[in-house]
Amino acid sequence: MFHKSRYIPTYPEKYSGDVSNIWCRSSWERTFAKWCDSSSFIVKWSSEETVIPYRCPTDNKLHRYFIDFKITIKQNDGSLKTYLIEIKPLKYTNPPKFPGRRTQKYIAESYGFVKNQAKWQAATNYAKDRGWEFKLITEKELGISA
């Protein structure tokens with residue numbers, strides 16, 4: 001099991017935020033942070049520095065979504081493009097399979113799925129309002145087997 005770990009960038013000048021307070025909550029986030037830090041076309045990046053308000057339909061309350069990464073890349077034409085990135089296992093991007101009866105596990109996974117959908121819709125809208133793009137990255141995009 002992966003434990004939360006601090007990440008120290010090789011190129012701290014590319015990091016937007018508190019460079020001494022970068023935490024990776026999974027090995028996948030650590031892989032992505034290393035990629036952001038070392039990629040020459042990444043102009044700026046941050047981890048959990050962007051906070052997006054969202055209303056969760058499971059309790060109808062406002063919550064704060066700390067997006068995993070915000071990156072700004074230099075495109076081939078020289079223009080800049082900003083992305084909000086969420087790192088999540090592929091299995092959490094689809095509704096849970098109904099096991100034939102409503103088990104506690106199925107109910108918890110269903111609530112988690114609904115909550116994630118609300119977060120991702122809020123992130124999509126937040127990004128679109130600013131001319132950015134929201135991307136969900138799974139082990140498939142990271143080239144990692146789950």
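Contact here means that heavy atoms lie within 4.5 Å. The model discussed below is predicted.

Q: Which residues is Ser-46 in contact with, leaving aside its neighbours within four places in sequence?
A: Ser-46 belongs to strand E3, which covers residues 42-47. With sequence neighbours within four places left aside, the contacts of Ser-46 are Tyr-15, Ser-16, Asp-68, Phe-69 and Lys-70.

Q: Is Ser-46 buried or exposed?
A: A residue counts as buried under 20% relative accessible area and as exposed over 50%. The relative accessible area of Ser-46 is 5%, so Ser-46 is buried.

Q: How many helices and strands does the chain have?
A: Along the sequence, the elements follow the pattern β-β-α-β-β-β-β-β-α-β-α. The totals are three helices and eight strands.

Q: What percentage of the residues of the chain count as buried?
A: The C-alpha trace spans about 50 × 35 × 30 Å along its principal axes. The accessible surface of the chain comes to about 9200 Å², with 51% of it on carbon and sulfur atoms. Of the 146 residues, the share that counts as buried is 36%.

Q: What share of the contacts with a separation of 6 or more comes from residues 24 or more positions apart?
A: The count takes in contacts in the chain with a separation of 6 or more. Within that set, residues 24 or more positions apart account for 55%.

Q: Which residue in E5 stands opposite Pro-53?
A: Strand E4 (residues 51-56) and strand E5 (residues 61-66) run antiparallel and are joined by six bridges. Across this pairing, the residue in E5 opposite Pro-53 is Arg-64.

Q: Which residue in the hairpin of E4 and E5 takes a positive phi near 60°?
A: The hairpin has four residues between its strands. The residue with a positive phi near 60° is Asn-60.

Q: Which helix gives the largest share of the lining of the largest pocket?
A: The largest pocket has a volume of about 330 Å³. Its lining is made of 13 residues, and those nearest the centre are Lys-88, Pro-89, Lys-91, Tyr-92 and Asn-116. The largest share, four residues, comes from residues 104-129, which form helix H2.

Q: How many residues in the lining of the largest pocket are charged?
A: Sorted by class, the lining of the largest pocket has six nonpolar and four polar residues. The number of charged residues in this lining is three.

Key: Residues are numbered from 1 along each chain as its sequence is written. This is a predicted model: local features need pLDDT of at least 70, side-chain atom pairs count only at pLDDT 80 or more; totals for chains, interfaces and linings use all residues. Side-chain values use heavy atoms; hydrogens and water are left out. On a 1 Å grid over the protein atoms alone, a cavity is a set of points where a 1.4 Å probe fits but cannot get out, and a pocket is an open set with protein on both sides within 12 Å along at least five of seven lines; lining residues have an atom within 4 Å of a point. Grid points are joined across faces, edges and corners, and a volume is the space filled by probe spheres set on the points. Helices (H or I, at least four residues) and strands (E, at least two) are DSSP runs, numbered from the N terminus. Ala, Val, Leu, Ile, Met, Phe, Trp, Tyr, Cys and Pro count as nonpolar, Asp, Glu, Lys and Arg as charged, and the others, Gly among them, as polar. Buried means under 20% relative accessible area, exposed over 50%, partly exposed in between (1.4 Å probe, protein chains only). Accessible areas come from the Shrake-Rupley method with a 1.4 Å probe; for residues, only the protein chains shown count as cover. Two strands pair if DSSP finds at least two bridges between them.
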